[in-house]
Amino acid sequence: MTTIYDIAIIGGGPAGLFAGYYAKLRNLNTCIIESLPTLGGQPNTLYAQKKIYDVAGLIGVSGEDLSSKLIEQLNMFDCDIFTKTTINSINSNPNYISLDSTNGEIKTKAVIIAVGNGAFNPRKLAVEFDSKLNNHVDYFVNDINKYKDKDVLVAGGGDSAVDWAFEINKVAKSTSIVHRRDTFRALESSVIRMNNSSIKQVTPYLIEDLQSIDNKLKVILSKARDKNTKEELVVDNLLVNYGYTSDSKLLRSWGLDLTGPYIKVNQKMETNLNNIYAIGDVAEYDGKLKLIANAFSEGTIAIAQAQSKIYPDKSYFEHSTNLFDNK
Ligand SMILES: Cc1cc2nc3c(=O)[nH]c(=O)nc-3n(C[C@H](O)[C@H](O)[C@H](O)COP(=O)(O)OP(=O)(O)OC[C@H]3O[C@@H](n4cnc5c(N)ncnc54)[C@H](O)[C@@H]3O)c2cc1C
């Protein structure tokens with residue numbers, strides 16, 4: 001018989017990760033479904049190296065470190081996690097809610113929607129290349145050690161591209177960055193730091209073609225507004241960091257009461273659909289502040305409400321200090 005989860009959380013950003021942990025803390029059979037290959041949401045994807053100063057108890061934590069801490073906390077329990085899985089639709093049945101995912105059906109008694117601004121997708125290279133070269137081209141950094149002692153080219157001009165160039169430069173043999181404009185869009189302080197670093201800047205150039213050469217990647221670049229001026233770089237890896245698009249269109253077909261691209265919720269984080277809650281950036285109510293701190297709090301409210309509906313006999317509120325033997 002297939003599992004019917006107590007709680008299925010759609011979205012593995014800060015809201016979904018903490019809600020997942022809190023649900024497991026309350027002993028609920030829980031899964032988290034994330035469309036990207038990695039968990040962490042916006043802090044991990046959009047501003048991994050930037051410091052966050054308004055999460056209680058954490059003084060200047062980077063987006064990446066916050067994500068790691070949330071994942072470590074979640075891993076205290078055995079929570080089912082489905083990455084590279086997008087929820088396309090939600091259908092209520094008499095005994096359970098059915099989630100139609102890109103990897104098949106997921107059944108659950110309650111749903112917490114924590115999809116932020118919608119499913120992220122990296123902006124792809126506008127260049128056709130042989131699929132055999134795919135293992136040289138990344139859109140995400142899953143493990144920085146992949147670049148250890150390698151020649152790496154980062155493509156992009158924003159904060160994220162420059163921040164990743166710094167991180168990669170700590171382990172790589174050589175790091176270059178290519179941007180189509182003369183000036184980078186990243187923070188001025190980061191650009192000054194980059195000017196004083198060993199990162200080679202190739203501007204204003206566009207990637208025109210990718211070819212294979214001796215098990216390496218030959219990147220052919222053409223100068224912006226002067227296509228006949230070319231450069232060639234031979235590297236082991238290319239990290240494309242052109243930003244992300246987010247798609248909130250899916251929500252419109254889920255039968256939810258929306259306000260713009262956001263889901264209307266009441267004080268219990270309930271949506272208009274039975275046993276379906278929304279938290280984090282996607283949830284909208286009077287006075288809403290899109291902050292990680294609030295996303296955490298909304299998660300505890302939604303889990304407590306869902307629990308009281310699924311298991312009316314169980315106390316829906318407990319201090320965590322009462323849940324474990326604290327010896
Ligand atoms: C540059 C920047 C700086 C910021 N600085 C701060 C700050 O200093 N302090 C602060 O509190 N907040 C900050 N924020 C805002 C903060 O990042 C968000 O409030 C927070 O990430 C919201 O968390 P979330 O889990 O609701 O959504 P997200 O972080 O957006 O995560 C949602 C996740 O759901 C996944 N998803 C979406 N649709 C689907 C689907 N259909 N199926 C499966 N998975 C799906 C997405 O891939 C994503 O991983 C900043 C945001 C940005 C962009």
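Predicted model: local features only at pLDDT ≥ 70, side-chain atom pairs only at ≥ 80, totals over all residues.
1. Helix H1 (14-25), helix H2 (41-45) and strand E9 (119-122) are the elements that give two or more residues to the shell around the ligand. Helix H2 gives the most, with three residues.

2. Shell make-up. There are 33 residues around the ligand. Those that come nearest are Glu34, Tyr47, Asp54, Asp281 and Ile292. By class, the shell holds 17 nonpolar residues, 12 polar ones and four charged ones.

3. Tyrosine 47 has a side-chain N or O atom 2.5 Å from an oxygen atom of the ligand. For glutamine 42, a polar side-chain atom lies 2.9 Å from a ligand oxygen. Proline 14 uses its backbone instead: a polar atom there is 3.3 Å from an oxygen atom of the ligand. How much of the ligand does the protein bury? Taken alone, the ligand exposes 1,000 Å², and the protein buries 86% of that.

4. Aromatic pairs. The count comes to six aromatic pairs. One is formed by phenylalanine 18 and tyrosine 21, with ring centres 5.9 Å apart. Why is this pair classed as tilted? The ring planes stand at 40°. Planes under 30 degrees apart would count as stacked, and those over 60 as edge-to-face.

5. Cis peptide bond. Look at the step from threonine 203 to proline 204. This peptide bond is cis, with omega near -15°. Proline 204 lies in a loop, between strand E13 (200-202) and strand E14 (205-213).

6. Positive phi. Which residue has a positive phi although it is not a glycine? Arginine 225 does, at about 65°. Where is arginine 225 placed? The loop between strand E15 (216-223) and strand E16 (226-235) holds this residue.

How values were computed:
Residues numbered from 1 in each chain as written. Heavy atoms only, no water. Near = heavy atom within 4 Å. Polar contact = N/O pair within 3.5 Å; in protein donor to acceptor, adjacent residues only side chain to side chain. Areas by Shrake-Rupley, 256 points an atom, 1.4 Å probe, with all protein chains shown as cover. Helix = DSSP H or I, 4+ residues; strand = E, 2+ residues; numbered from the N terminus. Nonpolar A, V, L, I, M, F, W, Y, C, P; charged D, E, K, R; others polar. Phe/Tyr/Trp six-rings, centres within 6.5 Å; stacked < 30°, edge-to-face > 60°.
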